Amino acid sequence: MSYNSNQTLVPEAKQGLANFKNTVAGEMGVQFTDYNGNLTSKQCGSVGGEMVKRMVEQYEKGL
């Protein structure tokens with residue numbers, strides 16, 4: 001099976017991750033919009049890092 005990077009394997013996951021990102025960003029005081037050019041790399045990276053941290057914690061709880 002070939003994979004195209006533009007292909008969404010689980011369409012529901014795209015919206016779920018967007019909701020998760022916005023929830024985490026809101027808790028951190030970072031407001032994502034359709035245009036995020038006004039945000040610093042540190043702000044965006046901290047949101048992504050927190051998302052990964054929470055996903056790993058959830059995974060570990062399921063073990």
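**Briefing: helix packing and core**

Asn-36 counts as partly exposed because its relative accessibility is 24% (buried is under 20% relative accessible area, exposed over 50%, and partly exposed in between, with a 1.4 Å probe and protein chains only). This is a predicted model, in which local features need pLDDT of at least 70, side-chain atom pairs count only at pLDDT 80 or more, and totals for chains, interfaces and linings use all residues. Residues are numbered from 1 along each chain as its sequence is written, and side-chain values use heavy atoms, with hydrogens and water left out.

**Loop**
- Asn-36 lies in the loop between α1 and α2 (helices are DSSP runs of H or I, at least four residues, numbered from the N terminus).
- From Asn-36 to Glu-57 the C-alpha distance is 27 Å, at a separation of 21 residues in sequence.

**Helix pair**
- The axes of α1 and α2, lines fitted to C-alpha atoms over the stretch in contact, come within 9 Å and cross at roughly 115 degrees.
- α1 and α2 are therefore roughly perpendicular (65 to 115 degrees).
- The contact (heavy atoms within 4.5 Å) involves Leu-17, Phe-20, Lys-21, Val-24, Ala-25, Glu-27 and Met-28 of α1, and Ser-46, Val-47, Glu-50, Met-51, Arg-54 and Met-55 of α2.

**Core**
- Seven residues form the largest nonpolar core: Val-24, Ala-25, Val-30, Phe-32, Leu-39, Val-47 and Met-51 (buried Ala, Val, Leu, Ile, Met, Phe, Trp, Tyr and Cys residues joined through side-chain atoms within 4.5 Å).
- At least two residues of this core come from each of α1 (11-28) and α2 (41-61).
- Leaving aside residues up to four places away in sequence, Val-24 touches Val-47, Glu-50, Met-51 and Arg-54.

Notes
Axes fitted to C-alpha atoms, helices over the stretch in contact; angles between N-to-C directions. Parallel < 35°, antiparallel > 145°, perpendicular 65-115°, else oblique.
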